[in-house]
Structures are given as structure tokens and as C-alpha cells.
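Here are a few exercises to work through with the structure open in your viewer. Try each task before reading its solution.

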Amino acid sequence: MAYDGTAYCGWQIQPNEKSVQEVLEHALTPILRQEISVAGAGRTDTGVHASFFMAHFDVEDPLRLSPDMEPASEQFVFKLNRFLPPDVVVYKIFAVPSDLHARFSATYRTYHYHVSTIKPLFTRNYCYHVYGPLNLEAIQGCCALLLDTRDFTSFAKLHTDVKNNLCTVLRAEWKEADQGYRFEITADRFLRNMVRSLTGTLLDVGQGKLSVQEFSEIVEAKDRSRAGQSAPARGLFLVDIGYDSLPVQL
């Protein structure tokens, strides 16, 4: 599935807020004629988008609950999308083993952050406008440091319920893109606000406000107050999620 996160508090259900999880459950429940609870592959923050997302739900006898169509069929997906708002889309539904979990079975996730160097118009909800060119060589030097970093406390949201701030970054790279730049990062897990705070701090490096050495010191400090401001949510996309094995080709 995929979603435009502009109007949502993120994936996860929150009190008095509209979430992607909530609208998906509200669409599935009447179709399958039972209360459906959906587990997502991650907890994207308010305003963050997903061009690729995975979720799972349990149902005992789908054909009995929906006798006119099989949940894994194209007809079921078509009907589900008619129940969903325009900013959420489901592409495929398929059966998986009972021990496969959308979140805990994932082996990696990839995020892209889009930066525009010209004032955006039609893409203004999907990128961050930064004036002037960036020093890519310095930014890439910092990205290389991330591959050897395990503790990302300096880039983690404070006062969360996670047990530790350890992550393994598998790839981190800034690329020139149409009308700007794109930050691509893949890791085995991400902390809340991690990609946005990394992006904001790397932009400080690219704009000459921080040196590569100072960035290294921020990483080693394990202190969120030392890092830069978080880049706005609107430029961030979850674009890929990996699993060791799936019964279908995506």
C-alpha cells in the first residue's frame, strides 16, 4: 500500500487524531464483516509519506466473511480502495504464514528525503525548500560516518519507550536530483524522528554551518540537543521495506 501523509498524524492510531491505520481498519471492517485490527510495518510520524508500505491483519475464514469475493483477489482490492480516502491506496493483498509480522519480520527499511533548491509549487507538500547549492562532498563524508555508527541517540526523539537507540545503517547517500537533492538511507531499524533530525543536521553541514569533524562529535556526544533541527516531515518518504521471504513477488 501507499499513502500521502499530509492529512494524517502518522500511521499509528492516536487519540482525537486521524491516522492511516484507522482509515484502513474502518475500510476493512465492513467489507470483511468483523472488527479488523491492522499491524503496520512502521510508525511514520505526522505528515510523513509512504510510497511503499506493508501491513497485515488476521482473519479466520475470509471466504465466509466475504463470500462474494476472495480477499486476495483484484476485485477485493478494488472494493477496498473505493472505501478508502483518495490519499490512501492498497495495491495488493495476499496470504502470509501466521508467524510473519509486518513490523517485526522486516529486515530493513529505506527512506528518501527530498530537498528542492528552487521554490516548489506542485511538489510543495512533498519536499523541503533550501536556498542555494550544498557541499555534497562534506555531506557524503558524514554519511560515511553513519555506516560505522551504532548508537543514534543524538538523532532520536526524547522520552520515547524504545529500549535502546542502536541501529545499523546499511546505506546512506545524498544524490543530485531534479531541482535539488535526495537523501537516501537504509537501516535495519529507525528511531522516531531519526531521519528528519539526520537530514536537518546534514543540511547544516552542506550549508557550511557544521564541519565533518563537528558532525562526528555530535554523533559521539549521544545528545539530541547537539544535533540540528529536524527537517520538515513533508519531504520524507518511506520507499521500501525488506523481508527475508514473501509468498508473492511485489
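**Exercise 1.** Which residues does Trp174 touch, not counting residues up to four places away in sequence?

*Solution.* Keep in mind that this is a predicted model.
- Step 1: Select Trp174 and list its contacts, leaving out residues up to four places away in sequence; the list includes Val115, Leu134, Leu136, Ile139, Gln140 and Cys143.
- Step 2: The largest nonpolar core has 68 residues, and Trp174 and Phe183 touch the most other members. Helix α1 (residues 20–32) gives this core its largest share, seven residues.

**Exercise 2.** Find which residues are buried in helix α4 (residues 136–146), and work out how they are arranged around its axis.

*Solution.* 
- Step 1: Pick out the buried residues of α4, which are Leu136, Ala138, Ile139, Cys142, Cys143 and Leu146.
- Step 2: Look down the axis of α4: the buried residues fall within an arc of 160°, so they line one face of the helix.
- Step 3: Ask what lies over them. The cover includes β8, β9, α5 (194–206) and α6 (212–221).
- Step 4: Finish at the start of α4, where a side-chain oxygen of Asn135 comes to within 3.3 Å of the backbone nitrogen of Glu137.

**Exercise 3.** Trace the salt bridges of Glu184 with Arg171, Lys175 and Arg182, starting with Arg171.

*Solution.* 
- Step 1: Begin with the general idea that side chains of opposite charge can pair when their charged atoms come close. Searching the whole structure gives five salt bridges.
- Step 2: Arg171 and Glu184 form one, with their closest N and O atoms 3.0 Å apart. Arg171 is in strand β8 (residues 169–177) and Glu184 in strand β9 (residues 180–187), so this pair ties together parts that are 13 residues apart in sequence.
- Step 3: Lys175 counts as partly exposed because its relative accessibility is 29%.
- Step 4: Through shared partners, salt bridges join Arg171, Glu173, Lys175, Arg182 and Glu184 into one network.

Key:
Residues numbered from 1 in each chain as written. Predicted model: local features only at pLDDT ≥ 70, side-chain atom pairs only at ≥ 80, totals over all residues. Heavy atoms only, no water. Core = buried A, V, L, I, M, F, W, Y, C linked by side-chain atoms within 4.5 Å. Buried < 20%, exposed > 50% of the residue type's maximum accessible area, 1.4 Å probe, protein only. Helix = DSSP H or I, 4+ residues; strand = E, 2+ residues; numbered from the N terminus. Contact = heavy atoms within 4.5 Å. Salt bridge = Lys/Arg side-chain N within 4 Å of Asp/Glu carboxyl O. Arc of directions from axis to C-beta. Polar contact = N/O pair within 3.5 Å; in protein donor to acceptor, adjacent residues only side chain to side chain.
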